[in-house]
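Please look at the sequence and the model while I speak about charged side chains.

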Amino acid sequence: MDIGLVLGLSLGIGIPVAIIIGMVIGYYLAMKYFKKQLNDNPPITEEQIRSMYKQMGRTPTEKQVKQIMGTFKKNNK
């Protein structure tokens with residue numbers, strides 16, 4: 001068989017396979033990094049929760065604040 005034909009076929013199959021594998025690995029790493037960032041730097045803080053309660057005319061207990069933060073962290077896993 002001609003070496004050029006074999007090389008052409010292997011490159012024709014290998015490049016799309018490499019691209020797909022790279023996309024899968026890239027997606028996995030991006031999701032892992034994104035979840036780590038959400039855990040380290042949550043988009044809402046306890047102070048913001050207290051502020052929301054005060055805007056509604058209520059004074060939150062520490063238990064309520066911790067419960068909301070716990071629910072938020074649980075949902076982000």
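Does Lys66 count as buried, exposed or partly exposed? Lys66 counts as partly exposed, because its relative accessibility is 44%; here buried means under 20% relative accessible area, exposed means over 50%, and partly exposed lies in between, with a 1.4 Å probe and protein chains only.

Let me state the basis of these values. This is a predicted model, in which local features need pLDDT of at least 70 and side-chain atom pairs count only at pLDDT 80 or more, while totals for chains, interfaces and linings use all residues. Residues are numbered from 1 along each chain as its sequence is written, and side-chain values use heavy atoms, with hydrogens and water left out.

A search of the whole structure gives 5 salt bridges, a salt bridge being a side-chain nitrogen of Lys or Arg within 4 Å of a carboxyl oxygen of Asp or Glu. One of them joins Lys66 to Glu46, at 3.0 Å from N to O. This pair connects distant parts of the chain, 20 residues apart: Lys66 belongs to helix α3 (residues 62-75) and Glu46 to helix α2 (residues 46-55). Helices are DSSP runs of H or I with at least four residues, numbered from the N terminus. Glu46 is partly exposed, at 25%.

Now consider Arg50. Its salt bridge with Glu62 has its closest N and O atoms 2.9 Å apart, and this pair links helix α2 to helix α3 across 12 residues. Arg50 also meets Glu47 in a salt bridge of 3.9 Å; both lie in helix α2, about one turn apart.

To conclude, Glu46, Glu47, Arg50, Glu62 and Lys66 are linked in a salt-bridge network.

Terms used:
Helices (H or I, at least four residues) and strands (E, at least two) are DSSP runs, numbered from the N terminus.
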